[in-house]
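Dear colleague,

Here is the structure I said I would pass on. My notes on it follow below.

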Amino acid sequence: FQILYSSDLVPPDLSAPDPGNTANPLQRATEILALKGLELRPLGPNRFLVVRLEQVQPAAVQPDTELEQINIFGSRYALLGRGPDAKLLDSTEIQNVPGAHADPLRSLRSLPGVAATVSARPYIRGSLSTDVLIRYDGVTLLDPFHLKNLQSTYGAIDSFAVGSMDVYSSGYPVRYGTRSGGVIDISPPSRSRGYDVELTASRLSTGAAISGRSDTLPIEWLGTLRRNTTDLVLAPFDAPQGTPRVLDATGLLRWIVNDRSELHAGWLLLNDRVDAGDEDGDESAQAQYRDQYYWLAYRLRVGDHWESRSTVSLTDADRSRAGSIARPFIATGQVAENRSYNKVELASDWKYEAGVWSAALGTAVATTDSKYGYARSLSLDPGIAMAFSRPQSDDLAGSGAPNAATYSAYGSLRHIWPALAVELGLRLDGQDYGAGPASRQWGPRANLRYDLNKRWGFYGSIGRFTQAQAVQDWRADEVQQRPDPVQNAVHTVAGLAYDAGEGTRWSLELYRKRWTRVSPYFESQLNPLAVLPDLSPDRARVAPDSSEASGIEFSVRSRLTERLQGWAGATVARVADDLGGTDQRRSWDQPLALNAGLAWNGARTQVSLMAGWHTGWPHTPVVVAGAAPGGVSIGLRNAERWSDFLSVDVRGSWMRPALGGELTAFVELTNATNQHNVCCATLLSPEGSGQDPQIAISSWMPILLNLGFTLRWRSEQ
């Protein structure tokens with residue numbers, strides 16, 4: 001580490017007691033300096049400056065963190081970003097996750113229990129991607145991904161705008177509702193002084209970002225702007241014919257009114273336009289998406305024990321897509337869809353902490369309106385239609401205008417004994433869709449943690465989680481007119497954690513998610529990467545009677561040396577739908593998954609590597625057989641598996657002073673070994689009249705090289 005200091009602050013005769021070898025050298029230095037009223041401020045990778053310890057008023061509003069003395073939620077993973085308060089030595093730091101391309105949502109694939117594809121959308125412990133709640137700065141995000149019609153390959157949150165991420169894969173707190181699978185809660189960074197300016201350019205995107213805090217006014221700000229530079233974002237689809245235009249922007253303003261209150265204003269924009277098609281030109285699609293979020297939040301500290309945050313937010317979204325397919329003797333058709341969505345929400349959350357007791361209370365009300373129009377014209381070859389049990393002519397047209405008024409309330413109470421912590425909570429959610437009776441759901445939850453000693457801890461949780469269908473999730477491709485019944489899930493978790501000291505921790509966790517009521521969903525049985533899935537003959541509607549995800553996870557992270565850290569995870573799991581009394585594995589079921597990574601941090605160099613392996617995902621077998629209808633024979637859904645998946649990703653960066661700031665060059669290789677991970681089968685037209693259709697087998701995520709640089713100027717933080 002490079003530590004810069006003045007002899008006025010650190011004279012040669014300065015002495016202080018050494019806290020011993022219970023922490024690494026950097027932590028020991030931090031503790032020693034703190035005894036003399038000094039602290040280390042980060043200037044860059046492994047570079048620090050010794051400054052006077054800032055005196056914080058005890059009544060000042062604290063950062064937006066949960067009031068808790070220990071982590072009682074075992075299925076919670078904390079990923080820290082690049083904010084000034086981030087732990088620079090944390091192994092899951094976003095920029096150290098190779099293959100994520102500085103995308104905070106893609107970086108989650110380093111966690112156990114997360115199944116990921118070319119999409120930035122994670123499947124968390126078997127849940128559907130739409131069953132996961134994603135929030136930014138306390139605001140629920142509708143769909144924070146770019147290229148939504150192309151598997152959402154790119155997250156829409158700039159890593160510069162991330163201070164921390166909390167990921168709950170099961171058993172999350174009662175303050176989170178409306179989703180039954182998991183939670184991704186993203187918080188923006190906060191500064192105590194100075195500024196930070198960053199310019200980035202790479203093969204994938206260019207961007208600019210700025211954050212700072214005024215020296216004379218109680219104001220803090222953050223802004224980001226990013227757009228893609230090439231069509232490289234289409235590489236996973238083997239679709240060279242494409243013209244994507246992807247842009248996102250973030251704006252945050254924080255006004256510290258006084259030592260007990262502050263005001264937040266925020267804005268988030270996603271704007272996409274894409275034209276894409278396959279190499280043969282027989283499939284093409286165009287899409288436009290524009291999502292905007294506005295919010296205003298007021299934080300207040302009342303007395304010494306109460307803290308509140310009240311937020312009003314507005315969401316406005318418009319989407320449109322159109323496309324056509326022309327594959328003789330297979331399918332011909334076209335589709336057009338338009339959607340709009342508006343939501344206004346008012347929420348208030350309160351926290352109380354007094355010694356061993358803590359509590360949380362909150363309520364929210366919202367109104368949402370949506371409109372959609374859908375038109376599909378599809379003709380299937382008679383033999384193909386028979387093989388997939390589809391009508392030969394599958395035309396559909398219609399519209400809908402769903403709206404809903406929703407409300408929620410929750411409360412929890414926690415008590416901490418010397419070795420035991422228990423939290424009990426209850427959540428209420430209600431919906432009124434205008435037509436039909438209103439509904440409400442209760443969700444009791446309980447969490448506990450028992451520390452056997454300073455190193456060993458046991459934890460467990462059980463709770464009921466409900467998910468009413470949001471109006472933006474109505475299935476336009478079947479012209480849905482009434483909401484689905486509310487999904488119900490029970491999460492059960494039991495785990496054992498061990499802290500070996502010196503930066504080494506591991507945990508072993510068993511979990512079970514049981515959905516007793518599940519909404520129908522559509523999927524492509526042969527090609528999940530289809531540009532126009534609703535014009536493909538393999539499109540299937542899945543309507544489970546119930547579903548279950550269960551498994552066991554092991555994770556470990558360790559500081560191997562002062563410069564080298566590592567992490568690893570192993571998951572044995574099963575996720576299946578119950579369809580008419582028969583279990584069918586979900587298409588992202590992976591009975592065994594392993595991932596491991598290493599990150600080396602030098603004074604000016606960082607190198608990281610991550611490898612992931614899992615058993616092949618299920619798929620529906622298809623063979624070409626002249627005796628079969630249409631020359632195609634289809635087996636049972638998800639009766640076979642693709643070959644095992646393996647990917648090795650590497651990232652390296654080098655920092656040098658330049659232009660009065662820091663110039664960092666980086667190189668990133670996704671699927672560095674160019675492994676051909678088979679994923680998909682596509683039916684193609686026969687080469688001539690009277691011949692059988694062809695089957696094209698393809699793989700996902702080819703080797704992808706991303707080169708770029710970041711130029712950064714910043715003052716003391």
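**Aromatic residues**

One aromatic cluster is formed by Tyr-123, Tyr-521, Trp-588, Trp-617 and Trp-700. Please keep in mind throughout that this is a predicted model.

The count of aromatic pairs comes to 14. One of them is the pair of Tyr-433 and Trp-474, which is tilted, with 6.3 Å from centre to centre and 50° between the planes. This pair links distant parts of the chain, 41 residues apart: Tyr-433 is in the loop between β25 (420-432) and β26 (439-451), and Trp-474 is in the loop between β27 (456-467) and β28 (487-501). Tyr-433 has a relative accessible area of 15%, so it counts as buried. Trp-474 is buried too, with a relative accessible area of 5%.

Another pair is made by Tyr-521 and Trp-588, whose ring centres are 6.4 Å apart; their planes stand at 50°, so this pair is tilted.

**Charges over rings**

Arg-125 has its charged end over the ring of Tyr-511, at 4.2 Å from the ring centre. Lys-148 lies over the face of Tyr-289, and the distance to the ring centre is 6.0 Å.

**The protein as a whole**

The protein has 2 helices and 45 strands. Its radius of gyration is 26 Å, which agrees with the value near 27 Å that a compact globule of 717 residues would have. The C-alpha trace spans about 95 × 55 × 50 Å along its principal axes.

Of the 717 residues, 53% are buried. The accessible surface comes to about 29,800 Å², and carbon and sulfur atoms account for 58% of that. As for contacts between residues at least 6 apart in sequence, 65% of them join residues at least 24 apart.

**The disulfide**

How many disulfides does a search of the whole structure find? The search finds 1. It joins Cys-679 to Cys-680, with an S to S distance of 2.2 Å. The link of Cys-679 and Cys-680 is left-handed, with -95° about the S-S bond. Cys-679 has a relative accessibility of 3% and therefore counts as buried. Cys-680 is also buried, with a relative accessible area of 0%.

Ala-385 is found in helix α2, which covers residues 382-387. With a relative accessible area of 4%, Ala-385 is buried. Apart from its neighbours within four places in sequence, Ala-385 is in contact with Leu-380, Arg-390, Pro-391 and Gln-392. For a sense of distance, the C-alpha atoms of Ala-385 and Ser-547 are separated by 29 Å, and these two residues are 162 residues apart along the chain.

Asp-394 is in the loop between α2 and β23 (396-400). Is Asp-394 buried or exposed? Its relative accessible area is 15%, and the cut-off for buried is under 20%, so Asp-394 is buried. Leaving out neighbours within four places in sequence, the contacts of Asp-394 are with Arg-376 and Leu-378.

**Positive phi angles**

Two residues to look at in the backbone are Thr-178 and Val-479. Thr-178 is not a glycine, yet it has a positive phi of about 75°. Its place is in the loop between β11 (164-168) and β12 (182-187). At 36% relative accessibility, Thr-178 counts as partly exposed.

Val-479 is not a glycine either, and its phi is positive at about 50°. Val-479 lies in the loop between β27 and β28, the loop that also holds Trp-474. Val-479 has a relative accessibility of 15% and so counts as buried.

Regards

How values were computed: Residues are numbered from 1 along each chain as its sequence is written. This is a predicted model: local features need pLDDT of at least 70, side-chain atom pairs count only at pLDDT 80 or more; totals for chains, interfaces and linings use all residues. Side-chain values use heavy atoms; hydrogens and water are left out. Helices (H or I, at least four residues) and strands (E, at least two) are DSSP runs, numbered from the N terminus. Buried means under 20% relative accessible area, exposed over 50%, partly exposed in between (1.4 Å probe, protein chains only). Contact means heavy atoms within 4.5 Å. Rings of Phe, Tyr and Trp (its six-membered ring) pair if their centres lie within 6.5 Å; planes under 30 degrees apart count as stacked, over 60 as edge-to-face and the rest as tilted. A charge sits over a ring if NZ of Lys or CZ of Arg is within 6 Å of the ring centre and within 35 degrees of the ring normal. The radius of gyration is taken over C-alpha atoms; the globule rule is 2.2 Å times the number of residues to the power 0.38. Accessible areas come from the Shrake-Rupley method with a 1.4 Å probe; for residues, only the protein chains shown count as cover. A disulfide is a pair of cysteine sulfur atoms within 2.5 Å.
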